[in-house]
Amino acid sequence: MMVLGCFFGLMLIGLPIGYVLGIAGMIGMFQVGGMDFMNMAAQRFFAGLDLFTFMAMPFFILAGEIMNRSGITEKIVAFADALVGYLRGGMAHSNMLASVLFAGMTGAAVSDAAAFGNTLVPAMVKKGYSRPFACAVTAAGSIIGPTIPPSNLMVIYGSLMGVSIAGLFAAGIIPGLLICLLCMALIAACGRRWKLPKSGQRPSLLLIIKAFRSSILALTMPVIILGAIMTGVTTPTEAAAIAVFYALFVGIFVYRALSFNDILEMLIRTARITGVVFLIIASASILGWWLTFMQIPQAITAWFLSMSSNPQVIIALILLLLLGIGMFMDINAALIILAPVLAPLTMKIGMDPVHAGVMIVLALNISLMTPPVGACLFVLASVTGEKLEKISVALWPFLLVETLVLLVIAFWSDLTLYVPRLLGL
Amino acid sequence: MQNIFNLSSRFSYRLNWLTERLCALLVVLMVLDVWVGILSRYAVDLQITWTEELARYLMIWASLLAVSCGVYYREHVGLMLVLEALPRRVHYATRLLIDLLGLGFFLILCYYGINLSSEGGSQYATIFNMTMTLPYAAVPVSAALGALQMLLVSVRDFSALTVREVAQ
């Protein structure tokens with residue numbers, strides 16, 4: 001009780017989650033075995049990070065940073081714009097599509113939100129879109145990135161729970177495309193009512209080909225990464241390292257956009273982003289020891305199963321829990337704490353581990369944009385200077401659509417598992 | 001106050017500057033190491049088996065050292081909902097408490113990390129006949145760095161606050 005009290009109390013006063021997890025875990029260790037057990041805290045802290053698969057995270061972050069700095073973002077947006085920009089609400093459409101194209105390079109929603117918030121939102125406002133709407137579209141699109149592989153959350157989930165990361169990556173493709181498609185349908189359906197601007201002519205085929213050619217090097221990267229991982233040629237970590245090589249090569253020799261200082265800055269940013277996430281992982285591993293020792297996952301599983309024996313009901317309860325917790329907690333932390341609790345439960349009700357993993361990751365991603373504490377909303381609000389409340393109002397239709405996708409993914413396992421099965425993963 | 005602020009913010013800045021460059025170097029080594037591993041696995045058999053383990057230790061060192069950079073930029077964020085809503089004095093008192101708790105966390109981690117690292121002297125890594133002292137040392141060293149940086153940024157931010165209050 002005391003551990004849980006500390007955990008929630010400290011979190012509530014605003015102590016960074018990385019410290020909260022560590023302090024609560026240490027208190028738990030002390031309670032169980034006194035000073036002797038405390039020695040384990042440092043051991044667990046180290047062991048929590050000692051996984052080769054985790055390394056895919058910093059590599060994907062670095063590759064994404066390099067591609068971003070080489071001016072890839074603009075090229076991809078230009079290509080997306082050439083394809084769908086002429087429609088009513090064209091820039092909203094191309095924002096969505098660019099999120100998909102960009103998704104193959106980045107693994108985290110928050111950095112996508114920051115990158116697009118900086119570039120696309122001002123561009124949309126200039127073309128006559130309202131700022132809250134532009135932010136809402138960007139927020140809605142930003143969760144496509146971490147759903148379509150590569151995805152840092154999937155790397156974490158797969159590493160911790162021993163689930164095939166390649167399988168998770170493959171299973172993330174359909175939900176990601178589905179979100180994009182339905183959001184674009186929403187924009188198309190409501191374009192008139194929302195008075196979205198319509199600009200420009202339908203571009204000629206020549207223009208599309210030109211835009212495609214100038215972004216081809218960027219678009220090849222996800223193909224290389226995913227191809228290598230899903231055919232089982234390389235491990236995800238190795239594929240991520242190859243992605244870094246490819247991005248560096250393109251950035252230095254083809255686009256000639258990278259200086260020494262740029263590279264230094266990107267390396268530092270990679271280390272810093274990784275440091276923040278890894279502190280959470282390492283500290284969670286201290287608390288994780290206590291959770292396992294106290295058999296909390298088993299207790300929670302039993303509690304869930306006592307509520308209902310119907311798998312559908314259990315899945316609905318899990319989704320509610322994830323969306324609820326994701327509203328208030330950093331999603332990396334939520335994933336690390338909840339995965340060991342929820343994975344056995346989903347096994348008990350007969351869910352495929354890959355299916356369960358994708359569902360959990362998608363639910364947490366969606367919670368990134370739910371008020372009051374959605375990280376993507378915060379980043380967008382701070383990058384664009386728009387009020388959080390106004391973005392939230394413009395966001396809710398998209399939120400509804402994405403929740404719908406989540407339900408489809410959760411309850412229709414054959415759809416989710418179609419690609420992994422196709423690839424024999 | 002102005003002096004304390006200048007001193008702590010300058011020292012904190014330099015310390016972070018150095019840490020950042022060290023992290024960048026470690027990331028470079030990690031990338032190169034994994035490249036060598038890939039090369040040896042798929043292209044030319046270099047008869048090396050240590051790349052994966054070395055990469056793991058480099059990753060742990062780089063990411064844990066970078067934790068102190070996160071302290072410097074205040075990038076380790078918590079739930080701001082309640083904190084923002086508190087009255088001004090309580091708000092600042094709570095922020096001070098948060099810094100102290102963070103400091104305490106790093107100090108305890110450092111203490112037990114030293115134990116871990118010295119125990120590591122009798123455990124062997126599978127590479128280079130190396131003991132686990134050096135890999136394990138990432139925990140106490142980065143925790144000590146985190147504690148120091150926590151102290152410095154806390155002094156930096158709160159002395160800046162006092163200077164502003166006096167000016168008003």
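1. A salt bridge here is a side-chain nitrogen of Lys or Arg within 4 Å of a carboxyl oxygen of Asp or Glu. B:Glu75 and A:Arg272 make one, with their closest N and O atoms 2.6 Å apart. Between chain B and chain A the count is four salt bridges.

2. A quick word on the basis: this is a predicted model, where local features need pLDDT of at least 70, side-chain atom pairs count only at pLDDT 80 or more, and totals for chains, interfaces and linings use all residues. Residues are numbered from 1 along each chain as its sequence is written, chains are lettered from A in the order in which they are written, and side-chain values use heavy atoms, leaving out hydrogens and water.

3. Now the interface. On chain B, 52 residues are in contact (heavy atoms within 4.5 Å) with 52 residues of chain A. The two chains bury about 4800 Å² between them, 78% of it on carbon and sulfur atoms; buried area is the accessible area (1.4 Å probe) that two parts lose on being put together, summed over both. B:Leu79, B:Phe105 and B:Tyr112 supply 15% of what chain B buries against chain A, more than any other three residues.

4. Over on chain A, have a look at A:Phe249 in helix H11 (residues 236–254); helices are DSSP runs of H or I, at least four residues, numbered from the N terminus. Is A:Phe249 buried or partly exposed? With a relative accessible area of 43%, A:Phe249 is partly exposed, because that label covers values between buried (under 20%) and exposed (over 50%), using a 1.4 Å probe and protein chains only.

How values were computed. Helix = DSSP H or I, 4+ residues; strand = E, 2+ residues; numbered from the N terminus.
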